[in-house]
Amino acid sequence: MLRAARGKWRVPSPEQFFHRTCRGRGAPSICAAMLRIVKYNADHTCTMSDGSVRQLATKAARKSIPQPVQQAQQAVWLDCDPGHDDAMAILLAGYHPCVSLLGISTVHGNQSVAKTTVNALACLRAFGMDSDNLPVVRGQARPLVRPPTHCAEIHGETGLDNLEGEPLFPLPRDPDAMLVSGKCVNVMYEHISRAALSGQRVKLVATGALTNVALLLTLYPELVEEDALEVVFMGGAIGLGNTGPVAEFNMQIDPEAAKVVFESGAKVTMVPLEVTHTALATEAVISEIREDGSSEFRNALCDLLSFFKDTYKSYFGFDDPPLHDPCAVAYVIDPDLFETEDMRVDVETHSDLAAGQTVCDRHNLQKKPKNATVACEMDVEEFWDLIHNAIYAAEKKMDHGSKRKRGGAEEGGS
Ligand SMILES: [Ca+2]
């Protein structure tokens, strides 16, 4: 196992332990000793030394787990540009029990901000999150100083295409009515500062260009001074880029914003391509998501991944698409799934050739203060467990909701 091999084994939560055990890759004897399991039972349960019986999360047994183990919740604001992988980031943030999702802001990037905003709303509807009183606000349409650049070659004309080139999820009829009014950064500030007043340090997770984040930290530096937030973003690269030779897309389309964020004094964690390129949606992953093919929701997610697979194959030559954005959410959920290094990161803003390059001074050659934590490695199997569990939780909630609706209709008709 990754962490055991590094000598950094820690006592897993019961939920984590169950996942590892059921997939046959854990260290059951070590875990058993730590958790004092006295007996494994035939019905996917185990008996603990205190007499309690706990569920093992086999794929089959996952469906019978009544509720995830409750852990302390982390307040999260998600800034995104949906986007296929952003969609999965929304799903994971919305359904992991450790995440308290404060709200969502959108930004230009994979498509225009008008399209990414509609896509965010469509995702909330498709994932059964549209009744959660979750504020959604439209953010910046342009980078700080450059013209906007979009990524239709990977995400399609809508920004969230299906295989037929149509919107993957039904679009809202009146999106403006579903949005929180006001300037994006003011709405973000309102919710983040309110959470900070109640003693929560908010994780601002960014999965698009850092334009909104840069403006927020510029207008409201007190959020940094008062340690009210930290920034965790998907983007950048230690080495090679994707849409530039040494630049990753989110950094390349607004390098000045990225520079502002790195130099803001905020605690910044970068989840770069080196990590996200290991989160590959293989055929095995897609097959496990699809299950028996009887679920419309699961089939839609598989369509999402299949579209992403096709474009990544044709554009980058990848056999399997990397699911970038949920990796940043996974970091917030469990940082111990990641190997990280603190280092100085500067953003190239002058060169046409390398604009947006995140220059990682891994060996501290410049002797400048370290300003970022950089993720270097991720426990990929644990990452997919988080995704699978989020899908199951969403499915369960929506199934429950549809049954309630059916029940309501029956009551109304009688
Ligand atoms: Ca994104």
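Figure 1. Just after H6, Gly 128 adopts a positive phi of about 70°. The model is a predicted one, in which local features require pLDDT of at least 70, side-chain atom pairs count only at pLDDT 80 or more, and totals for chains, interfaces and linings use all residues. Residues are numbered from 1 along each chain as its sequence is written. Helices (H or I, at least four residues) and strands (E, at least two) are DSSP runs, numbered from the N terminus. Helix H6 spans residues 113–126; its 14 residues reach 19 Å from the first C-alpha to the last, close to the 20 Å expected at 1.5 Å a residue. The expected span is 1.5 Å times one less than the number of residues in the helix.

Figure 2. A residue is termed buried if 20 or more other C-beta atoms lie within 10 Å of its own, exposed if 12 or fewer, and partly exposed in between, with C-beta atoms placed from the backbone. Because 12 of the 14 residues of H6 are buried, the helix is largely enclosed by the rest of the structure. Among these buried residues are Val 113, Lys 115, Asn 119, Leu 121 and Cys 123. The buried residues of H6 pack against strands S4 (74–80), S5 (99–106) and S6 (136–138), and against helices H5 (84–95), H8 (175–178) and H16 (296–316). Contact here denotes two residues whose C-beta atoms, placed from the backbone, lie within 7 Å.

Figure 3. Pro 175 is located in helix H8. With 17 other C-beta atoms within 10 Å, Pro 175 is partly exposed. Residues up to four places away in sequence aside, Pro 175 touches Thr 117, Val 118 and Leu 121.

**Figure 4. The largest nonpolar core and Ile 90.** A nonpolar core is a set of buried Ala, Val, Leu, Ile, Met, Phe, Trp, Tyr and Cys residues joined through C-beta atoms within 7 Å. The largest such core has 112 residues, and those with the most contacts inside it are Ile 90, Leu 92 and Val 261. Helix H18 (residues 380–413) gives the most to this core, contributing nine residues. Ile 90 touches Leu 78, Cys 80, Pro 82, Ile 104, Ala 120, Cys 123 and Phe 127, not counting residues up to four places away in sequence. In soluble globular proteins, nonpolar side chains tend to be buried together.

Figure 5. Pro 82 and Gly 83 are joined by a cis peptide bond, with omega at about -20°. Gly 83 belongs to the loop between S4 and H5.

**Figure 6. Two helix pairs.** Axes are lines fitted to C-alpha atoms, for helices over the stretch in contact, and angles run from 0 to 180 degrees between N-to-C directions. Angles under 35 degrees count as roughly parallel, over 145 as roughly antiparallel, 65 to 115 as roughly perpendicular and the rest as oblique. Helices H9 (residues 184–197) and H10 (residues 211–219) pack at an angle of about 65°, with their axes 9 Å apart; H9 and H10 are therefore roughly perpendicular to each other. At this crossing, Cys 184, Val 185, Met 188 and Tyr 189 in H9 meet Asn 212, Leu 215, Leu 216 and Leu 219 in H10. The axes of helix H15 (residues 283–290) and H16 come within 8 Å and cross at roughly 160°, and H15 and H16 are therefore roughly antiparallel to each other. Ile 286, Ile 289 and Arg 290 of H15 make this contact with residues of H16 that include Arg 298, Leu 301 and Leu 305.

**Figure 7. Positive phi values in two loops.** Asn 133, a residue other than glycine, has a positive phi near 55°. Asn 133 is found in the loop between H6 and S6 and is exposed, with 6 other C-beta atoms within 10 Å. Lys 367 likewise is not a glycine but has a positive phi of about 60°. The loop that holds Lys 367 runs between strands S11 (358–361) and S12 (372–378). Lys 367 is exposed, with 7 other C-beta atoms within 10 Å.
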